[in-house]
Amino acid sequence: MDNVIRRRTPAARLGRMAVYAVLLLAALFYLLPLVVMLITSFKPLQEISPGTLLSLPQSPTVEPWVKAWGEACTGMRCEGIGGYFFNSIAIVVPAVLISTAVGALNGYALTKWRFKGSELLFALMLFGCFIPFQVVLLPMAQTLGWLGLSSSRAGLILVHVIFGIAFTTLFFRNFYVAVPTELVSAAKIDGAGFFRIFWRILLPVSAPIIVVSVIWQFTQIWNDFLFGVAFSAHNTQPVTVALNNLVNTSTGTREYNVDMAAAMIAALPTLVVYVLAGKYFVRGLTAGSVKG
Amino acid sequence: MSALEIRSVRKEFGGERVLKDVSLAIESGEFLILVGPSGCGKSTLMNAIAGLEPVTSGEIHIADEDVTWRTPAERDIAMVFQSYALYPSMTVRGNISFGLEMRKVPKAEREATVERVADLLQISHLLERKPSQLSGGQRQRVAMGRALAREPKVYLFDEPLSNLDAKLRVDMRTEIKKLHQRLGTTIVYVTHDQIEAMTLADRIAVMRDGNILQLGTPDEVYNDPVDIFVAGFMGSPSMNFITASLEGGAGGYRLRIVTAGEEALVLPWPVSRETPAMAEQVGRSIILGLRPEHFSEEDSRLSGMDEGTPVSARVSVAEPTGADILLRLPLGDGEVTARVGPKCTVVPGERLGLRVDMGRAVLFDSQTEQRLA
């Protein structure tokens, strides 16, 4: 994308090389923690204390990963974080799907079926994006108690859906506002109703914004710690809480390799989601700003 | 039986009156055009007919049934949008059959209809394409196909040609006219283009500020306008409005036109076209309306018209269009446009003898801008 026209002098080449060198160094610097985590997670425990952070494992082993997954102690129990990993999945998947679906419907209704006060309602919903989590901990605990959902997965799902709706509604509302309303008028005349128009006309063109919403919600909910620790019992804890317990369990020697492996396991799904769909994420965020 | 009847429809948006007591009725098979400048309420009226916007008061009847409070789907109408509004995720086939599918038409029948419509509009080869793979003209055809697939009681066209380039617009205009002649459908068509209105309509409703100023055939609206606005809006180049003072009396009215640096021009008004309203305007200034084609060259061998009142004027600009020449001449307090034959030899700056066909001229009240005669 070098659009500047100029003669390629040796000095210019040198300057360019310097730029790339700096960029490369910066990239390495940012990658370093990940590299250290990966290296450490494949080292046996006895290699960790004597070696330096960056030395490669002499006798690589997956033992720390196996232990982190199935045997490591998280507080009083020693079952690894595998079970909690599935807890997270069981919470995140429905929460992401429900909040995205509700956000899509909200965005559709707020742009294509405007009613008196719909703009005000949207403005109020936007407040939800700015409310700090800690503010609602107590009222939410009370509400979950009333609903009989305390310490349950369903309760956590509900909390995440409620908090996610503000963001997903914002995403879909801004996406649908750029979709011509005449499409909806045409479908109304053709005889389609509210849900049919949504399902047949709007949803098929929503792929970019669905990807954005799913990635955003997945990352937010998977990485959540506060709600996880506040509203779960030991059998419904998400993996982030289990990871914290694992690292903080103070009996015996500190197994840094197991800690690192556990942290990698806990971080992997968001990474995978971003790698698989990141391209669409950027595309979806900029969708509508430039005519396709 | 009237296909569509609008009774005293009013529409207000937040205190602003967009439609002020609009009434009209059209017969089955009629082609009605709503024309007017932007903001005149023509699109609002169209949306009210379609049921996309509720009216504040009044009634809308389609095929003698009151549909004022029915949904768009229940009104049995079809609409072609300015932006075409083709469903982007569906193929052309899907777009055309969607309305039939929603009305639970059996699949075999839907297929047959799609084929028939595609054939009619010559888009059979495009049926499997998505709208994004079509050109503007093709999208326009698909949009019409979608409307034609069902056989509704009334078709609504909302500026369907304004997104096409000039040549294609003329072609599609002819095609719409042919379709209407062939299918005998009832059409309400919104446009701001007065040429589209003149060429397509059985009747034209000229709108302004939420009112219908005149509802009539293209000939009536063009030659017999009710006021200065209608007269000026229809026709291109538009009608010349010349300030004149009315003299004389019943049986012999005259119009005196004063042009700076010229001898005053006196034009006799034809006795057969006198109206009672003229009597109280004597001695006052009124507006004379003359269309460019009401002028012709003095030499009748060129113009083929040997009637008319002779007028002589200095030509300031001559604009040949190929088919004819448009002349700009100072007359009264401004310049007027005259349309003369292409063979006419004109030198800008020189005087030219012309004839004015007072038999087709119109007079307006200079205060109310209403028609006098």
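Chain B contains 9 helices and 21 strands, in a model that is predicted. Its C-alpha trace spans about 75 × 45 × 35 Å along the principal axes, and 40% of its 373 residues count as buried. Among the contacts in chain B between residues at least 6 apart in sequence, 65% join residues at least 24 apart.

Chain A is built from 13 helices and 0 strands, and its elements, read from the N terminus, run α-α-α-α-α-α-α-α-α-α-α-α-α. The radius of gyration of chain A is 24 Å, well over the 19 Å that the globule rule gives for 292 residues, and chain A is therefore more spread out than a compact globule. Some overall values for the two chains are set out below.

| Chain | Residues and buried share | Extent along the principal axes |
|---|---|---|
| Chain A | 292 residues, 35% buried | roughly 75 × 75 × 30 Å |
| Chain B | 373 residues, 40% buried | about 75 × 45 × 35 Å |

In chain A, residues 24 or more positions apart account for 76% of the contacts with a separation of 6 or more.

**Annotated spans**

For chain A, an unreviewed UniProt entry places the feature "transmembrane region" at residues 20–42, 84–108, 120–142, 154–176, 197–218 and 260–282. Two of these spans can be described from the model: residues 20–42 of chain A are 96% helix and 0% strand, with end C-alpha atoms 31 Å apart, while residues 154–176 of chain A are 100% helix and 0% strand, with end C-alpha atoms 30 Å apart.

For chain B, an unreviewed UniProt entry places the feature "domain: ABC transporter" at residues 4–234. Over residues 4–234 the chain is 37% helix and 26% strand, and the end C-alpha atoms lie 25 Å apart.

**Domains of chain B**

The domain assignment divides chain B into domain 1 (2–229) and domain 2 (240–365), and the C-alpha centres of these two domains of chain B lie 39 Å apart. Contact between them involves 4 residues of domain 1 of chain B and 5 residues of domain 2 of chain B. On the side of domain 1 of chain B that touches domain 2 of chain B, the residues divide into 2 nonpolar, 1 polar and 1 charged.

**Where the two chains meet**

Between the chains, 17 residues of chain B are in contact with 13 residues of chain A. Strand 6 (77–80) and helix 2 (92–102) of chain B each supply at least two residues of the side of chain B that touches chain A. By class, that side of chain B has 13 nonpolar, 3 polar and 1 charged residues.

**Nonpolar cores**

The largest nonpolar core has 145 residues, and B:M79, B:L156 and B:V188 touch the most other members. Helix 7 (residues 153–176) of chain A gives the most to this core, with 12 residues. A second, separate core of 16 residues includes A:A72, A:I81, A:V239 and A:L246.

When residues up to four places away in sequence are not counted, B:L156 touches B:M46, B:I49, B:A50, B:I77, B:M79 and B:V188. Helix 1 of chain B is followed by B:G51, whose phi is positive, near 90°.

**A closer look at B:I212**

B:I212 is placed in strand 10 (residues 211–216) of chain B. Why does B:I212 count as buried? B:I212 counts as buried because it has 23 C-beta neighbours inside 10 Å, where the cut-off for a buried residue is 20 or more. Leaving aside neighbours within four places in sequence, B:I212 is in contact with B:V22, B:L24, B:A205 and B:M207. B:I212 and B:K20 are 192 residues apart in sequence, yet their C-alpha atoms are 8.9 Å apart in space.

Conventions:
Residues numbered from 1 in each chain as written. Chains lettered and ligands numbered in written order. Predicted model: local features only at pLDDT ≥ 70, side-chain atom pairs only at ≥ 80, totals over all residues. Helix = DSSP H or I, 4+ residues; strand = E, 2+ residues; numbered from the N terminus. Domains from an automatic or database assignment. Contact = placed C-beta atoms within 7 Å. Nonpolar A, V, L, I, M, F, W, Y, C, P; charged D, E, K, R; others polar. UniProt positions renumbered as here; feature names shortened; annotations may be inferred. Core = buried A, V, L, I, M, F, W, Y, C linked by C-beta atoms within 7 Å. Buried ≥ 20, exposed ≤ 12 C-beta atoms within 10 Å, placed from the backbone. Rg over C-alpha atoms; globule rule 2.2 N^0.38 Å.
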